[in-house]
Amino acid sequence: MNREDGEAIPRLGRYRQSDDLRSNGLGSFYGLRVGNDAMPPKHNHPSCAPLFMRQLHLVTGKGGVGKSVFSTALALHFQRQGLRTLLVQVNAADSHSRLLGLPTGTIGEEVTEVSPNLFAVNTTPPAALKEYALLILHSELVYKAVFENRLVRKFLRFIPSLSELTMLGKIWFHAEEKHEKNEKYEKHEKHEYKKGAYLYDRIVVDCPSTGHGITFLQTAQAVRDASRSGPMYDKTVQMAQVLEDVKRTALHIVALPEEMPVNESIELMEKVRARHLAPLGIAAINQCLAPLLQDNDAKAALPALYAAAQERMQLADPHQNPQAIAHDPLLQLFHGAVLREQRELRDQEQSKRLAAHCHGMPVLPLPFLPSSVFGRAEVEKLSHLLTQAAARDAV
Amino acid sequence: MNAPAFSSVRHSFIDHAFQSPANQQARQQLSALLEDMRTIVCVGSGGVGKTTTAAALGLYAAELGKKTLVMTIDPAKRLANSLGLDALEHEPRRVDPALLAKAGLAPTANLWATMLDLPAAWDDMIVRFCDDDDVAQRILQNRFYYALSRELPGAQEFIACEALHHLATTNQFDLIVLDTPPTANALDFLEAPERILGFLDQDAFKVLVQGQEQSGWLGFGMRFLDAAANTARSVLSKFTGAEVLDEISDFLGLFRTLYEPLTERAKEFQTMLRSDKTRFVVVTSPEDGPRHEAMFFAKELRARGLPLGAAVVNRTHPPIVGNAGNGSKNQQNPIGLSAVQETLQQAGLSPQAVDALATALADMLRTQHVQGERDERALQELHKNLGNLPLVVVPRFAEDVHDTRKLADMLPWLVGRAV
């Protein structure tokens with residue numbers, strides 16, 4: 001167990017690392033901490049605000065990092081700005097209903113207004129295929145005769161990229177949807193829409209997780225490059241144009257401050273840049289632990305806690321009586337603090353590693369929120385942090 | 001300062017977590033599996049430490065004296081490096097005993113590792129199964145082959161089984177621990193062979209794409225079907241472009257000779273996976289998504305008669321022990337805080353400093369308590385759902401496990417003893 005010797009103790013003095021991070025631009029995390037004063041923006045710190053002005057927000061990342069949470073929080077942020085927002089989930093079990101505090105199954109294949117100005121839909125390949133086919137065939141009858149044929153259905157499953165393409169097509173369709181006449185949006189009187197304005201001010205797309213996510217995003221380019229003509233070609237050229245449009249689209253990457261998710265995010269950003277799939281937006285680092293001891297008084301007290309723990313340890317021989325040690329409140333607290341500190345250090349190290357690859361993308365660390373059930377309340381908290389980040393950057 | 005005494009504080013606490021007799025028994029059962037089995041297949045959703053668990057189990061078996069191969073799919077770079085793997089390769093490579101010695105482990109020569117390059121493995125298999133090199137090359141260049149081998153759900157799993165089968169039949173190893181690709185869905189793994197074969201044996205393809213070959217069909221019904229297929233073909237080619245249909249047709253023609261050997265191989269996979277020397281280990285974390293996936297996986301494995309050996313629950317937050325049950329609900333004074341405050345005051349700290357530290361620690365404890373309780377409920381649900389399956393509980397570590405030393409540190413929780 002000798003390897004432990006040099007490890008635990010010196011770390012207690014390493015809280016200073018967080019100061020380094022403040023001056024290195026990752027400080028936005030500490031500024032975003034709930035109930036904490038915001039950090040002043042740095043001049044060279046890339047800002048979220050201009051990104052939030054774009055219409056199409058694609059959210060991607062490794063499975064389990066909180067893409068749905070980030071997507072719903074972003075949609076709530078836009079809704080709060082009075083923007084007509086569409087939240088899209090792509091081919092996944094509906095998690096948005098729960099995160100928005102709605103009864104399970106509220107969000108389905110049809111676009112539904114779930115609260116004023118917030119529209120939501122969960123798109124699946126069959127539903128998207130139908131809409132897409134109708135868009136091209138212009139005939140419900142032909143669609144039924146051909147596409148609802150059992151053999152054709154089986155066959156269609158294996159056309160490479162078809163399901164991704166149809167779902168992208170649906171997103172594109174909504175991005176292009178326009179108001180048909182001048183209208184006052186009845187639930188929000190202050191908003192008037194001119195005929196021909198986009199129907200949705202903001203669209204947030206919760207993309208499939210990275211492996212499939214990248215396939216999903218590159219579909220339009222792949223199909224465009226592989227074929228030369230035909231209705232599918234025409235549509236994909238238009239889709240790829242919207243995806244690549246720096247004025248209109250942002251691809252946000254969600255990660256956790258852990259080795260594998262950070263690796264995957266770096267890989268993903270590199271692929272996106274190399275292939276110009278979509279303009280990169282925010283790198284959100286989810287579930288970051290804020291420094292436990294932010295206060296100088298608390299930091300000053302730590303050595304005394306350490307010394308006390310030492311003393312207790314010498315009194316109770318762990319090999320003789322591990323139970324006594326495990327139940328010693330002081331040692332237990334101390335142990336908790338040591339573990340916590342290690343997690344913080346890992347979070348900082350991994351966040352720094354990701355930030356080093358962000359090249360001009362705003363890095364937005366989001367706090368870990370302790371709660372037994374993650375639901376609407378937590379999503380709201382995060383959405384307020386996004387609003388704060390945008391407001392702070394706009395100054 | 002007496003450092004060794006302090007390090008034992010850390011250990012005694014974690015050691016204390018999840019040490020009930022039931023937990024210990026589960027670890028012994030997993031240890032026994034590693035001693036008795038020839039194949040261990042680790043399954044579960046991504047991001048739960050599946051690769052790490054597979055590597056730790058392999059390390060343990062090797063240290064027991066079995067010649068062991070760990071087959072990884074997508075390891076973290078640091079883990080790969082610590083096993084001496086720096087590139088994807090099919091051929092198993094011996095983990096340098098010096099690397100193990102450097103990590104403070106007994107330098108065994110029994111540990112082997114390989115990191116599979118799945119797309120390359122698909123291409124290799126095609127070349128191996130094709131008698132004609134020209135046909136093989138045309139298949140490799142076909143877009144539908146590309147989709148089949150890279151993107152079709154189950155394709156990765158199919159080829160991982162192929163690699164396992166290939167190495168298992170050579171009898172080079174006493175034990176192979178297979179880390180499976182991170183699946184979006186348990187069924188991707190379990191149904192991989194059927195799906196791949198289903199893909200190649202589509203009536204739909206025959207009817208729609210190779211309509212010409214069905215000209216021998218007689219009878220009105222058949223002719224009707226053929227006519228319907230012709231209509232469908234023409235609408236579809238309007239939809240997808242005619243070249244797509246031509247390419248599928250080409251692909252199916254080329255692949256026809258491979259259908260039989262692949263079917264044969266898929267049957268062999270089934271036999272291999274059902275052998276009494278094979279066990280599946282479901283790896284999960286207490287979080288909702290992975291936990292539900294694990295329970296679904298266990299149910300499906302049992303329904304298919306596949307041998308399930310144990311479940312490993314990684315990243316579990318230990319409960320806050322002591323008087324946490326009642327104390328922590330008191331916001332003002334969560335467990336032991338008053339004792340700590342007293343001690344600190346006696347040490348001569350200012351009241352502000354004591355308060356500041358106590359507030360921070362109380363905050364921390366509340367978080368840890370919430371996590372501990374949530375994970376406790378998750379474990380209870382897993383126990384109830386998995387029945388008598390050994391449930392091996394591994395605590396959440398403060399740092400990512402990415403080197404051989406940390407793999408060895410996991411072993412007391414995985415198999416109940418250190419190496």
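Which residue of β4(B) does B:R94 stand opposite? In this predicted model, the residue opposite B:R94 is B:W112 in β4(B). Good morning, colleagues. I shall begin with the sheet around that pair and then turn to chain A.

The two strands concerned are β3(B) and β4, residues 111–115 of chain B; they run antiparallel and are joined by 3 bridges. They belong to an open sheet of 8 strands in chain B, with mixed pairing and the order β3-β4-β2-β5-β1-β6-β7-β8. At the edges of this sheet stand β3 (89–94) and β8 (391–395) of chain B; each has a single partner strand, so one side of each is left without a neighbour in the sheet. From one strand to the next, the twist averages 20 degrees.

Helix α3 of chain B, residues 50–64, lies across β1 (39–43), β2 (68–72), β4, β5 (175–179), β6 (278–284) and β7 (308–316) of chain B. The direction of α3 is at about 170 degrees to β2(B).

Helix α6 (residues 118–129) and helix α8 (residues 143–150), both of chain B, have axes 10 Å apart and pack at an angle of about 125 degrees. Why are they described as oblique? Angles from 65 to 115 degrees count as roughly perpendicular and those over 145 as roughly antiparallel; at about 125 degrees, α6(B) and α8(B) are therefore oblique to each other. The crossing of α6(B) past α8(B) is right-handed. On the α6(B) side, the contact involves B:P119, B:W122, B:D123 and B:I126, which meet B:Y145, B:L148, B:S149 and B:R150 of α8(B). By class, the residues of this contact comprise 5 nonpolar, 1 polar and 2 charged.

I now move to chain A. Here, too, there is an open sheet of 8 strands with mixed pairing, in the order β3-β4-β2-β7-β1-β8-β9-β10. Its edge strands are β3 (112–115) and β10 (363–367) of chain A, each of which pairs on one side only. The average twist between one strand and the next is 25 degrees. Within the sheet, strand β8 (residues 249–255) and strand β9 (residues 280–288) of chain A run parallel and are joined by 4 bridges. Opposite A:L251 stands A:L280 in β9(A).

Two helices of chain A deserve mention in relation to these strands. Helix α5 (residues 67–80) of chain A lies across strands including β1 (56–60), β2 (85–90), β4 (118–123) and β7 (202–206), and runs at about 170 degrees to β7(A). Helix α13 (residues 259–275) of chain A lies across β1, β8 and β9 of chain A, at about 160 degrees to β8(A).

What does α13(A) meet in α16(A)? Residues A:E259, A:V262, A:N263, A:S265, A:I266 and A:M269 of α13(A) meet A:Q350, A:R353 and A:L354 of α16(A). The axes of α13(A) and helix α16 (residues 329–356) of chain A come within 10 Å and cross at roughly 5 degrees, which makes the two helices roughly parallel. The contact residues divide into 4 nonpolar, 3 polar and 2 charged.

Finally, the salt bridges. Over all chains, the count comes to 20. One of these salt bridges joins the side chains of A:E131 and A:K170, at 2.9 Å from N to O. This pair links distant parts of the chain, 39 residues apart: A:E131 lies in helix α7 (residues 125–137) and A:K170 in helix α10 (residues 162–176), both of chain A. Thank you.

Definitions and conventions:
Residues numbered from 1 in each chain as written. Chains lettered and ligands numbered in written order. Predicted model: local features only at pLDDT ≥ 70, side-chain atom pairs only at ≥ 80, totals over all residues. Heavy atoms only, no water. Axes fitted to C-alpha atoms, helices over the stretch in contact; angles between N-to-C directions. Parallel < 35°, antiparallel > 145°, perpendicular 65-115°, else oblique. Left-handed = near helix turned anticlockwise from the far one by under 90°. Contact = heavy atoms within 4.5 Å. Nonpolar A, V, L, I, M, F, W, Y, C, P; charged D, E, K, R; others polar. Pairing = 2+ DSSP bridges. Salt bridge = Lys/Arg side-chain N within 4 Å of Asp/Glu carboxyl O.
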